[in-house]
Amino acid sequence: MDAAKPWLDHYGDVPATIEYPRITLYEAIARSARATPDAIAIDFLGSTLTYRRLLEEIDACAGSLADLGLAPGDRITISMPTSPQGMIAFYAAAKLGAVSSLIHPLSTAKEIAGFLTMSGSRVALTLDLFYGAFAEARASAPLETLILARVPDYLPVHKRLGFWLTRGRKIPRVPGDADVRWWSQLLGASATAPAADVDADALASILYSGGTTGSPKGIMLSHGNFVSEAAQLAAWVDLGPDDVILAALPIFHGFGLAALCHAPLMHGARVVMVPQFSPEIVAELLRTKRPTLTAGPPTLFEALAQDPSLQQADLSSLRAAFSGADTLQEPVRERFENLVSERRGSVRLLEGYGLTEAVTAIMGMPLHERRPRSIGLPFPDTLAAICDPDTTTELPPGTEGEICISGPAVMLGYLDDPEETAKTLRTHEDGRVWLHTGDIGTMDAEGFFYFTSRLKRMIKSSGFNVYPAQVEAILFEHPAVAEACVVGIPDEAQGERVKAFVVVTPGAHGSAELAAELIEHCRSHLIKWSCPRDVEFRDELPKTKVGKIDYVALVRDAAGAPVAT
């Protein structure tokens, strides 16, 4: 056993180290297109793109973006569901040496303006459905060119007609004189652009997290971060051209973008894209597309286990499934594995661990192993250690501390935030730069890691990060709020749901009407899963000895407390 890397003894056929190509994201896809040009790269709502056509559309998009003035180092915001347009723009920006900033398409106008300003994006891509929010945000942001795509851009003719006769009729019309470019025109242009001379360590993309303070942080990821992550994932699950990946997570999320889209595309596999997540849609695609690999939060697998449409489905094609973003409860694992077993499959539902500061997954359970409650082993070329929180002192096996990571997927740093970067990326005694994750856990003597809790104060709702400080800031904008504290409480459907504790200002009354008003106030400023599901009014909030609101005390009694509704 390697004393420094005890996990290597459990790798099985997975290599301990990998030779990573020093290439850009664009070059990675170009290699796949040259290797298997006629293989299907993307399956989107019944329409398919071969690798040859995917590369042609990336090249066309890059040429048009260059004509619009997008140059090396410039920023483009991509605010799209998991879709061909989103990934094509992602790779086209990489070809030009530009930087893509990916945000949630349901972001409010205020959030969009903040992200556009933070990233310095002069160009943005979104759906026509979200034109209104971007038009409003544009007034206070550096945005010069807004590109609009439509869902039917990549639908077969019969589905395109059906879309316009049903859901398409509900989309507000974009004004005829609106200052926008359309995706179809962008790809119809004949412009071409050479690939920029970009180093593999150059900034490729910005994704967003709450960091350790709860305020939005731009996570800077290089081409090399994405390429190495894809190589590690491929080695871990033996990913190759025969695989079909069900991509049910959004591309603004590190796992959706890197693990479920880029990694398979870099290795010649087929990606079945799910633009709008629902358990029903995922269940249908499991039946009809016969994927070999998928991943998602525990809530997805619980919903699938309960879906009646899968009771007669053939699930024998599925060879691996990974649960992440939240703790996987044993009953959920058992129900999903039993369903697959009954439907002629033998898949194991395995846990993994990751964070956007390292692109996405950096640990996982080997396909041949089973350790209850373990998040698995570090990926090849990734070092992991348990450290005394807020220090670089490594702790012995079995001791609880902060999970720290060092490896090729670790971010470049936080955008325009050297102070927070210095707190999170620290040089240890071995001379390596280590990522301090802010998560608490343990490692056993064999190198298996276990997640305990979050050092960062963060809520996981339906697999997505909710940062209480952001929600509280919005609540404090309401004139009836004197004090507020937001916590997560256990919820069967969402994993955790957001609850707000509020002390009202003098003269205000903590009524059911005010609770509804505060929830609606949050909904007008935040994405829906960041909003409180319920509000509890109190005369005062518990305080620590130094006078801070004791949110831990509120978490302890939140589940059984009375609620104003």
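Let me start with Met87: leaving aside its neighbours within four places in sequence, Met87 is in contact with Ile251, Leu257, Cys261, His262, Leu265 and Met273, where contact means heavy atoms within 4.5 Å. Please keep in mind that this is a predicted model, in which local features need pLDDT of at least 70, side-chain atom pairs count only at pLDDT 80 or more, and totals for chains, interfaces and linings use all residues. Residues are numbered from 1 along each chain as its sequence is written, and side-chain values use heavy atoms, with hydrogens and water left out.

Met87 also belongs to the largest nonpolar core, which has 135 residues. A nonpolar core is a set of buried Ala, Val, Leu, Ile, Met, Phe, Trp, Tyr and Cys residues joined through side-chain atoms within 4.5 Å. Buried here means under 20% relative accessible area, exposed means over 50%, and partly exposed lies in between, with a 1.4 Å probe and protein chains only. The residues with the most contacts inside this core are Leu54, Leu65, Met87, Phe90, Trp183 and Leu265. Its largest share, 9 residues, comes from helix 3, residues 84-96. Another core, of 24 residues, lies apart from it and includes Val272, Ala313, Leu315 and Ala321.

I turn next to helix 1, residues 25-35. Its buried residues are Leu25, Tyr26, Ala28, Ile29, Ala30, Ser32 and Ala33. What do the buried residues of helix 1 pack against? They pack against helix 2 (51-67), helix 3, strand 8 (203-209), helix 8 (223-237) and helix 9 (254-266). Helices (H or I, at least four residues) and strands (E, at least two) are DSSP runs, numbered from the N terminus.

The protein chain as a whole holds 16 helices and 27 strands. Along its principal axes, the C-alpha trace spans about 65 × 65 × 55 Å. For 565 residues, a compact globule would have a radius of gyration near 24 Å, and the 23 Å of the protein chain agrees with that. That radius is taken over C-alpha atoms, and the globule rule is 2.2 Å times the number of residues to the power 0.38. Of the 565 residues, 58% count as buried. Among contacts between residues at least 6 apart in sequence, 69% join residues at least 24 apart. The accessible surface comes to about 23,000 Å², and 52% of it belongs to carbon and sulfur atoms; the areas come from the Shrake-Rupley method with a 1.4 Å probe.

As to charge, there are 50 positive and 69 negative side chains, and the centres of the two sets lie 5 Å apart. Lys and Arg count as positive and Asp and Glu as negative, while His and the chain ends are not counted.

Now to a pair of residues with linked surroundings. Ser406 is placed in strand 18, residues 401-406, and is buried, with a relative accessible area of 6%. Beyond its neighbours within four places in sequence, Ser406 is in contact with Asp381, Thr382, Leu383, Arg432, Val433 and Trp434. Thr382, in turn, lies in the loop between strand 16 (377-378) and strand 17 (383-387). Is Thr382 buried or exposed? Thr382 is buried, at 4% relative accessible area. With neighbours within four places in sequence again set aside, Thr382 is in contact with Trp7, Gln232, Ile362, Ile405, Ser406 and Gly407.

Leu45 has a positive phi of about 50° although it is not a glycine. Leu45 lies in the loop between strand 1 (40-44) and strand 2 (47-50), and at 32% relative accessibility counts as partly exposed. Arg290 has a phi near 50°, a positive value in a residue other than glycine. Arg290 is found in the loop between helix 10 (279-289) and strand 12 (293-296), and is partly exposed, with a relative accessible area of 34%.

Terms used
The place of a charge is taken as NZ of Lys, CZ of Arg, CG of Asp or CD of Glu.
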